Amino acid sequence: MNVLYCGDGNIERGLIISVMSLLENIHDELHVWVLTAEMDFRGKHISPVKEDVISALSDYMHSYSSDNSITLIDVSELFRKEVPEVNMGTRFTPFCMLRLFSDEVPEIPDKIMYLDNDVICRSDPGEFYNQDLRDYELAGVLDYYGSWFFRKNPFRRDYLNSGVLLMNMAMVRKTGLFKKCRRRCCEKEMFMPDQSAINKLSVSKKISPRRFNEQRKLKPDTVMQHFTTSFRFFPYIRTVTVKPWDIERVHDVLKLHEYDDLLSEYTDFYNLLTEKRL
């Protein structure tokens, strides 16, 4: 199974948890690619994912199978050539847009599953990964909120959440989808830049069942849970954001103990990594 993550150093904790969750649930070789970058922008330094995280994760993955692998790829130069300046000030980390450069990275295979770093795999994602994509650029799940408000087809909900995507990179390279998306992100300010661009410009996307990217509340058939921001309406309207590595809030706010064993394993791993850095 080929899996892609993207981002700066802030994704490290989520990356560890997400990769650990995959190892617990897949039955094939796991090959992970992490696209990262480093740059100074508007007086702020954006740091890349560190090599020691990848090295430690590599050792951990090899404890499951010597055939597993994880590869860190710095795409700073690619990003600097097409900096989406009009969208660098959104509430989302700029380097989440690095997935739009994956078509320019020869090492990325023709079929790969992209995951945000706040996605936990709960059961075997093989059914999602192994679906036929010959006629599609990508497959994903409807965005829980956005699919009601944003749609390419006025008569059909078709706006995908980009946190879990199965990507046919051979077709993406052929149609130039990500190249078009990068150009749009450079020219047009958007609330969710890369997600909006992918939905707007994709000519062939496949909608998969909600269980492959549960963005709201854990259900018995959930395969992958995505810890997105949600709305709460009682006792007042507000947004709630809880990430997997914020374990106390996972327990106290979400009342969720489903992943306690996983998060305990992560805590031991991350603490050891932190000690080695001192």
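Visitor: Where is the place of Asp8?

Guide: This is a predicted model. Asp8 sits in the loop between β1 (2-6) and α1 (12-25).

Visitor: Is Asp8 buried or exposed?

Guide: Buried is the label for a relative accessible area under 20%. Asp8 has 5%, so the residue is buried. A polar atom of the Asp8 side chain lies 2.8 Å from the backbone nitrogen of Asn10.

Visitor: How many residues separate Asp8 and Trp245 in sequence, and what is their distance in space?

Guide: They are 237 residues apart in sequence, and 16 Å apart from C-alpha to C-alpha. For the chain as a whole, take the contacts between residues at least 6 apart in sequence: 74% of them join residues at least 24 apart.

Visitor: Now the sheet. In general, how do strands pair?

Guide: Strands of a sheet pair through backbone hydrogen bonds, in a parallel or an antiparallel way.

Visitor: In what order do the 7 strands of the open sheet come?

Guide: The order is β5-β2-β1-β6-β9-β8-β10, with mixed pairing. β5 (69-74) and β10 (205-207) are at the edges; each has a single partner strand, so one side of each has no neighbour in the sheet. From one strand to the next, the twist averages 25°.

Visitor: How many bridges join β6 to β9, and do these strands run parallel or antiparallel?

Guide: Strand β6 (residues 111-115) and strand β9 (residues 160-168) run antiparallel and are joined by 5 bridges. As for a facing residue, Ile112 has Met167 in β9 opposite.

Visitor: Which strands does α8 touch as it packs on the sheet?

Guide: Helix α8 touches β8 (138-142), β9 and β10, and its direction makes about 60° with that of β9. Another helix, α1, lies across β1, β2 (31-36) and β6, and runs at about 170° to β1. Angles here run from 0 to 180 degrees between N-to-C directions.

Visitor: Which helix holds Ser196, and is the residue buried or exposed?

Guide: Ser196 belongs to helix α8 (residues 193-201). Its relative accessibility is 18%, so Ser196 counts as buried.

Visitor: Which residues does Ser196 touch, leaving out those up to four places away in sequence?

Guide: Ser196 touches Tyr159 and Met190. With Tyr159 there is also a polar contact, side chain to side chain, at 3.5 Å.

Visitor: Let us turn to a loop again. What is the phi of Lys255?

Guide: Lys255 has a positive phi of about 55°, although the residue is not a glycine. Lys255 is in the loop between α9 (247-252) and α10 (260-277).

Visitor: Is Lys255 buried or exposed?

Guide: The label exposed applies over 50%. Lys255 has a relative accessible area of 62%, so this residue is exposed.

Visitor: What radius of gyration does the chain have, and what would a compact globule have?

Guide: For 278 residues a compact globule would be near 19 Å; the chain has 18 Å, which agrees. Along the principal axes, the C-alpha atoms fill a box of roughly 45 × 45 × 45 Å.

Visitor: How many helices and strands are there in the chain, and what share of its residues is buried?

Guide: The chain has 10 helices and 13 strands. Buried residues account for 53% of its 278 residues. The chain exposes about 13500 Å², and 50% of that is supplied by carbon and sulfur atoms.

Conventions:
Residues numbered from 1 in each chain as written. Predicted model: local features only at pLDDT ≥ 70, side-chain atom pairs only at ≥ 80, totals over all residues. Heavy atoms only, no water. Helix = DSSP H or I, 4+ residues; strand = E, 2+ residues; numbered from the N terminus. Buried < 20%, exposed > 50% of the residue type's maximum accessible area, 1.4 Å probe, protein only. Polar contact = N/O pair within 3.5 Å; in protein donor to acceptor, adjacent residues only side chain to side chain. Contact = heavy atoms within 4.5 Å. Pairing = 2+ DSSP bridges. Rg over C-alpha atoms; globule rule 2.2 N^0.38 Å. Areas by Shrake-Rupley, 256 points an atom, 1.4 Å probe, with all protein chains shown as cover.
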